[in-house]
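Here are a few exercises to work through with the model open in your viewer. Try each task before you read its solution.

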Amino acid sequence: MHIECSGTGSPAVVMEAAASAPWSLWRKVQPELSQMTRVCSYDRAGHGWSDPRRGSRDSETIVRELHSLLDKAGVKRPFLLAGHSAGGLYVREYAREFPAEVAGVALIESSSPHQLDEVPGFRAAYEEDKRDAQRELWEDRLGVWSGWERLLGHCSVSAKDFPGWVGQYNAMACRPDYVDTDECELPYFEESFKQAGRLISFGSIPLLVISRDPNLRKAGMTERQMEQQPVLAREQEASKSLSPLSWRVIARNSGHMVPLERPDVIVAEITRLINYLRGGPAPPFGSTATE
């Protein structure tokens with residue numbers, strides 16, 4: 001497994017990326033945060049530079065692998081856990097299994113354990129994705145194994161899209177042993193939702209919730225996606241109830257990919273949380289604000 005740690009100080013920040021995303025999702029966040037403390041991002045099995053693994057890829061499995069990885073990397077406990085999207089499910093499960101190791105939590109556009117059935121159309125889309133996954137796997141394998149994807153120029157990106165990361169991205173693209181391995185968690189999402197839902201409170205652990213802008217209307221949004229926005233916003237607000245020491249920040253003009261669209265909000269609010277954990281002023285617990 002691959003882990004990337006930078007900076008010094010405590011508490012360390014350990015970051016969980018979204019479904020299918022490698023550690024480089026945090027490329028606009030980690031360099032800034034590592035100026036004030038130790039920051040670690042990593043690749044789950046089959047993602048980025050971590051080898052694929054057979055067997056279950058549910059929340060429990062992922063959390064125990066992360067726990068072992070952090071032991072081997074010498075990451076000091078307790079630390080601050082930050083999770084984006086599906087990474088938020090794994091953060092909840094980690095805090096349930098190892099509460100003494102968690103000093104603070106940041107849920108960034110986190111998946112809710114209830115969204116599978118609460119968000120309109122979500123379950124239907126999920127079941128369709130599972131049905132299509134096997135067919136797409138063989139199509140993708142054929143394209144990569146034959147070299148066709150590389151001939152078509154699908155195995156590289158431009159410098160303007162990935163400034164400073166082009167080499168990393170291009171090296172990870174179109175590897176025969178990794179075709180669609182970043183989708184290995186998809187069949188286990190329903191189980192992961194259930195497992196994460198077992199945590200009903202973080203107790204006295206401070207909690208930061210960062211959410212997309214519910215008023216943002218991007219070009220190409222479908223009617224169903226617009227219908228989903230108020231439900232997702234309610235779930236984000238409800239997640240504040242997981243801790244009496246919680247606050248929520250809505251990232252203005254950001255969609256779901258807050259780490260790429262508004263990394264400044266993540267850096268500013270996690271900095272506020274770290275300062276509080278170090279004995280500084282309390283964040284605005286109980287509040288919801290737009291930044």
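**Exercise 1: the cysteine left over**

Find the cysteine sulfur closest to that of Cys 184, and decide whether the two can bond.

Solution. The closest cysteine sulfur to that of Cys 184 belongs to Cys 174, and at 18 Å it's too far for a bond. For a disulfide, the two cysteine sulfur atoms have to be within 2.5 Å. (Buried means under 20% relative accessible area, exposed over 50%, and partly exposed in between, using a 1.4 Å probe on protein chains only.)

Before going on, some ground rules: this is a predicted model, where local features need pLDDT of at least 70, side-chain atom pairs count only at pLDDT 80 or more, and totals for chains, interfaces and linings use all residues. Residues are numbered from 1 along each chain as its sequence is written, and side-chain values use heavy atoms, leaving out hydrogens and water.

**Exercise 2: the bonded pairs**

Search the whole structure for disulfides, then work out the handedness of each.

Solution. Step one: the search turns up 2 disulfides.

Step two: Cys 5 bonds to Cys 40, S to S 2.1 Å. The torsion about their S-S bond is about 115°, so this one is right-handed. Cys 5 sits in strand 1 and Cys 40 in strand 3, 35 residues apart. (Helices, H or I of at least four residues, and strands, E of at least two, are DSSP runs numbered from the N terminus.) Cys 5 is partly exposed at 23% relative accessible area, while Cys 40 is buried at 1%.

Step three: Cys 155 and Cys 174 have their sulfur atoms 1.9 Å apart. With -85° about the S-S bond, their link is left-handed. Cys 155 lies in the loop between helix 6 and helix 7, and Cys 174 in the loop between helix 7 and helix 8, so the pair ties together parts 19 residues apart in sequence. Cys 155 is buried, at 4%.

Step four: counting bonded cysteines along the chain gives the pattern 1-2, 3-4.

**Exercise 3: a covered helix**

Work out how many residues of helix 3 are buried, and what they pack against.

Solution. Start with the count: 9 of the 11 residues in helix 3 (residues 87-97) are buried, including Leu 89, Tyr 90 and Val 91. Next, the partners: these buried residues pack against strand 2, helix 2, strand 4, strand 5 and helix 8, where contact means heavy atoms within 4.5 Å.
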